[in-house]
Amino acid sequence: MTKALRVAIFGAGPAGIYAGNILAHSYENVTIDLFDSLPAPYGLIRYGVAPDHPRIKGIVNSLHEMLDAGNIRFFGNVEFGRDLTLDDVKRHYHAVIFATGAIKDAKLNIPGVELEGSYGAADFVSWYDGHPDYPRTWPLEAEQVAVLGNGNVALDVARVLAKQADDMLTTDIPANVYEGLKTSPVTDVHVFGRRGPADIKFTPIELRELGEVKDVEIVLYPEDFPEGWFNEDAQGVTNQHRVMARVMQSWLEREAEPAKRRLHLHFWHQPKEIVGENGHVTGMVFDRKGEERKYPLQAIYRAIGYWGSALPEVPYDETKGVIRNVGGRVVDESGKSLNGVFATGWIKRGPVGLIGHTKSDAMETIENLVADVSNFEDPAEPELEQVLAGLRAKGVQFTDWAGWLKLNEHELALGDGFTGPVERERVKVVDRDEQVSIARASGI
Ligand SMILES: Cc1cc2nc3c(=O)[nH]c(=O)nc-3n(C[C@H](O)[C@H](O)[C@H](O)COP(=O)(O)OP(=O)(O)OC[C@H]3O[C@@H](n4cnc5c(N)ncnc54)[C@H](O)[C@@H]3O)c2cc1C
């Protein structure tokens, strides 16, 4: 008989769920408790992936099955560092895995970044995806908008800004987001990348999708596409690059149809300064290959990357925004590993990569965790009831799996009950207290 093992995981995004599932299948005598600071599971799939990407959002179906299998116990509305500390965790569990991801914007250090109208893309994403901890309203007053960055998040933000609100109504966006988007007077969305069109970090599906947005004209600038701009045989060129080069080439060659909104792709634009008047953004200055370019703009979205946050008492590398670790084993500054403490997903590796990558991440972390089992110390209070009693004593209104199933049904019913021009599968509940009270309706 293998040693009975109790493991806590913080973060019920894809990384935490994959880690739990892999652990449940690689160690026979294990009890896994999965905590998230939000009342609902699924992390950035619920609060990051764009609402008009239902295929990606659909990954929750397979994660749902993993949580529904019964070998992982989910508890929402429980925050590591506030509701449970590292000492609590050690008292109740042999090991802990941090899968707390990243929700904040990386910093951009240029003059004017603090002006009103200069926004982090992550904040905007949290608004349109209905994250409970972000403001319910968003100032959509600008006609000319910039999105800085050449990754998929920049494309998500640009697409959501450029799309007609009615075309978002089939998605799960909350009612307040639809109302907000509907008021937007935007006419031009400018996406600025620092490098050339051959070096974009988009993926082909996301790029191609831009060209299919209703009533939006894609504008490219011939100066960015000189003869021979794409060298098929250059080092590092992948099939993805080839497909994207073809997509852009076809846009360059096609006859543009006038549309209500335009989405411009600019390349070789290095951000220099955001300029403003009376504390509000009025434009932005770039360096384009040694030449200064200025654009009139009323809003700027900085989509230059996400950044992981430190957790209390857990070693953190502030140069990378990750928990210090080697292969998922958390280490202190001297490189010594902390017995029974692990990390996985974006907080382990940094905020890059797709949902699928968190699975291979989790495999590595779990392999190392299982290899270390004989070193783990036995917890003094190993019963789940002892953990929950501690949470109740602190007044934590935690939710559980049955509660999430209720909230899930409630959101689906809101979708069913929607009367309007389109069918809606789901309407998200945003407010944290409302989510908690629906989830806890018949007690825990
Ligand atoms: C805007 C955006 C769009 C994206 N679109 C796609 C896409 O289309 N396709 C794709 O494959 N990938 C996409 N990704 C990437 C994908 O979301 C990530 O690869 C993945 O979510 C990372 O998983 P994770 O579990 O490490 O982190 P997260 O998904 O961030 O999950 C972390 C979880 O930890 C919880 N948590 C944080 N702090 C605490 C704490 N102190 N205590 C308890 N819980 C805590 C959070 O609430 C969250 O639920 C996108 C990412 C972003 C930002």
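Which residue has a polar backbone atom 2.9 Å from an oxygen atom of the ligand? That residue is Ala15. The structure described here is a predicted model.

## The ligand and its shell

The ligand is surrounded by 30 residues, and the closest are Ala15, Asp36, Leu44, Phe80 and Trp346. By type, the shell around the ligand divides into 17 nonpolar, 10 polar and 3 charged residues. Three helices each supply at least two residues of this shell: H1 (14–26), H2 (43–47) and H7 (152–162).

A nitrogen atom of the ligand lies 3.1 Å from a backbone N or O atom of Ser37. An oxygen atom of the ligand lies 3.0 Å from a backbone N or O atom of Gly353. Taken alone, the ligand exposes 1,000 Å², and the protein buries 91% of that.

## Nonpolar cores

In soluble globular proteins, nonpolar side chains tend to be buried together. In this model the largest nonpolar core has 56 residues. Within that core, the residues with the most contacts are Phe124, Val147, Leu207, Leu263 and Tyr301. Helix H7 gives the most to this core, with 7 residues. Another core, of 40 residues, lies apart from the largest one and has Ile9, Leu23, Phe74 and Leu407 among its members.

What does Leu207 touch, leaving aside its neighbours within four places in sequence? Its contacts are Leu155, Ile200, Phe202, Met244, Val247, Met248, Trp251 and Leu265.

## Leu210 in helix H9

Leu210 lies in helix H9, which covers residues 204–210. Leu210 counts as buried because its relative accessible area is 0%, under the 20% cut-off. Leaving aside neighbours within four places in sequence, Leu210 is in contact with Leu155, Arg159, Ile218, Trp251, Leu263 and Leu265. The C-alpha atoms of Leu210 and Phe35 are separated by 37 Å, and these two residues are 175 residues apart along the chain.

Asp361 is found in helix H12, residues 357–372. Is Asp361 buried or exposed? Its relative accessibility is 7%, so Asp361 counts as buried. Leaving aside neighbours within four places in sequence, Asp361 is in contact with Thr344, Gly345, Lys348 and Arg349.

Val352 lies in the loop between helix H11 (346–349) and H12. Val352 counts as exposed because its relative accessibility is 54%, over the 50% cut-off. Along the chain, Val352 and Gly151 are 201 residues apart, while their C-alpha atoms are separated by 10.0 Å.

## Two residues with positive phi

Asn77 is not a glycine, yet it has a positive phi of about 65°. Asn77 sits in the loop between strand E3 (72–76) and helix H5 (86–92). With a relative accessibility of 10%, Asn77 counts as buried.

Lys289 also has a positive phi, of about 50°, although it is not a glycine. Where is Lys289 found? Lys289 is in the loop between strand E12 (280–288) and strand E13 (291–296). Lys289 is exposed, with a relative accessible area of 57%.

Technical notes
Residues are numbered from 1 along each chain as its sequence is written. This is a predicted model: local features need pLDDT of at least 70, side-chain atom pairs count only at pLDDT 80 or more; totals for chains, interfaces and linings use all residues. Side-chain values use heavy atoms; hydrogens and water are left out. A residue is near a molecule or strand if one of its heavy atoms lies within 4 Å of it. A polar contact is a pair of N or O atoms within 3.5 Å; within protein, one must be able to donate a hydrogen and the other to accept it, and residues adjacent in sequence count only if both atoms are side-chain atoms. Accessible areas come from the Shrake-Rupley method with a 1.4 Å probe; for residues, only the protein chains shown count as cover. Helices (H or I, at least four residues) and strands (E, at least two) are DSSP runs, numbered from the N terminus. Ala, Val, Leu, Ile, Met, Phe, Trp, Tyr, Cys and Pro count as nonpolar, Asp, Glu, Lys and Arg as charged, and the others, Gly among them, as polar. A nonpolar core is a set of buried Ala, Val, Leu, Ile, Met, Phe, Trp, Tyr and Cys residues joined through side-chain atoms within 4.5 Å. Buried means under 20% relative accessible area, exposed over 50%, partly exposed in between (1.4 Å probe, protein chains only). Contact means heavy atoms within 4.5 Å.
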